[in-house]
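Good morning, everyone. Please look at the screen while I walk you through one protein.

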Amino acid sequence: DGDGLLELERKTYRISQPLLLDLTKRGPMAVLGAGGASRIVMAGPGPALLVTGDHQGTAAPPSVRPATWERERFPNINGLEIVGDHAEADGIRLVRTMQPTITNVAIRRCRTALHLAERNRNLLLADCHIYDNTHYGVFFDHCNLHQANIQGCHISYNAKAGIYSLHGDVHNVQITGCDIEYNNPRSVTGAVRPDLPPDAPQSAEIWLDASEGAISELSIVGCTIQATVEPGGANVRIVGSPQATAGAPGGAWLITIAGNVLGSQSRGIELVHAHRIAVSGNTIYDSQELSILAKNCHGLAVTGNTFSWRGDDSQTPRDGIRLEDCDGAVLSGLSVQRACAGSEERGAAIALVRCRDSAVTNSQVLDPLYRGIELEDCVRCRVSGNGVSDRRSQPKMLEGIRVVGTSQGNVVQGNLVFGAVRKPIEAPANGVTVDGNVIS
């Protein structure tokens, strides 16, 4: 009718091309379903709903043009279901919008459920079901975006990633109170989906790739993030830029992962070229390869988390923490039980490789396979105040704490080590100060 309000009745609407909501021409708009009883079936390529504006500024009030407030503000989509019926069908695409708000919407069987392109500001996505899509649940696609809240959503069974950010310039994103599960191609009927190519890329529940862009000021808090195991898969994967440094912004930085339950994937948290990352208060379980893998990270704080393998004694423990080429990392107050990262020759429940100025402190490492804590080729690292114990009737821990390679200027001090089969503490005569440990 041209009044800016599209109200859908309790019906199924089958379309074969996008419904274009051009805010610049029609002014403020909303699409309202009948309390979830309205369905749009997208039987053609592209998004069922394409919402476009022309916002060129930031989220700061002085940067917003009067035309944006008059004609483009606050597009609202609420109370409907979108179902894909075409291999290239998408759910909703937002382009250059300001304050888009999507609530009480279900999107399934599309390629991508919510696609954010070009430039968007102040997204609210709440109380939605994003389920069973062949590529991504929420996709920040080379997008310039600040301020996005994703809260209270079920984001599950999306074959490549639940939430995916690729390059772009993305900042100030909060992902809170969501259930984000089974976002890989093996999660449907336990096998690779027949409608996906056999070379589908690695998957993740949350996958943030800023190797050619930037992502910062991100919080992942209070979510359940779990999956079925896929080779190369991760619950949370964050990739920054190799050019990023500890003292300069760029790539992936200023990120908090706190108070979540993560598990049942090849890797729990994978961090590459990221800096100023806090990982605290999480429960991480049943990671088939590693609970945390961090490579070339700066200023990483991993505190107050629990790590545990749920298998019985007849199964090889997994999980474990491994940091490679990291600088200024702190691992403290951890509870690590029945973990294994590596092999009889190398690795430990907590392993630092070629790290500098880092510390493993005040943690409990219980019943590990092979060894508890290992430093390899590390410089000025500290292992202090930890309890490393094998309490099994037939101990399997070979060494409690081991320092190997060309490590220099390290300290192993004030630890309690119990139950090692070979040596409680193994360290070279030079390059390591060993002092005040209790061995039993």
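Among contacts between residues at least 6 apart in sequence, what percentage join residues at least 24 apart? The figure for the protein is 69%. Contact here means heavy atoms within 4.5 Å.

A word on where this comes from. This is a predicted model, where local features need pLDDT of at least 70, side-chain atom pairs count only at pLDDT 80 or more, and totals for chains, interfaces and linings use all residues. Residues are numbered from 1 along each chain as its sequence is written, and side-chain values use heavy atoms, with hydrogens and water left out.

Now the overall build. The protein has 43 strands and two helices. Both kinds are DSSP runs, numbered from the N terminus: helices (H or I) need at least four residues, strands (E) at least two. Along the principal axes, the C-alpha atoms fill a box of roughly 80 × 50 × 30 Å.

How many of the 440 residues are buried, in percent? The share is 55%. Buried means under 20% relative accessible area, exposed over 50%, and partly exposed in between, with a 1.4 Å probe and protein chains only.

Next, the cysteines. A disulfide is a covalent bond between the sulfur atoms of two cysteines. The rule used here asks for a pair of cysteine sulfur atoms within 2.5 Å. By this rule, the count is zero. Take Cys-110: the nearest cysteine sulfur belongs to Cys-128, 13 Å away. Cys-110 is buried, at 1% relative accessibility.

Last stop: Asn-386. Where does Asn-386 lie? Look in the loop between strand E36 (382-384) and strand E37 (387-389). Asn-386 counts as buried, because its relative accessible area is 2%. Leaving aside neighbours within four places in sequence, its contacts include Val-360, Ile-373 and Leu-416. Asn-437 is 51 residues away from Asn-386 along the chain, yet their C-alpha atoms are separated by 9.5 Å.

That's my tour. Thank you.
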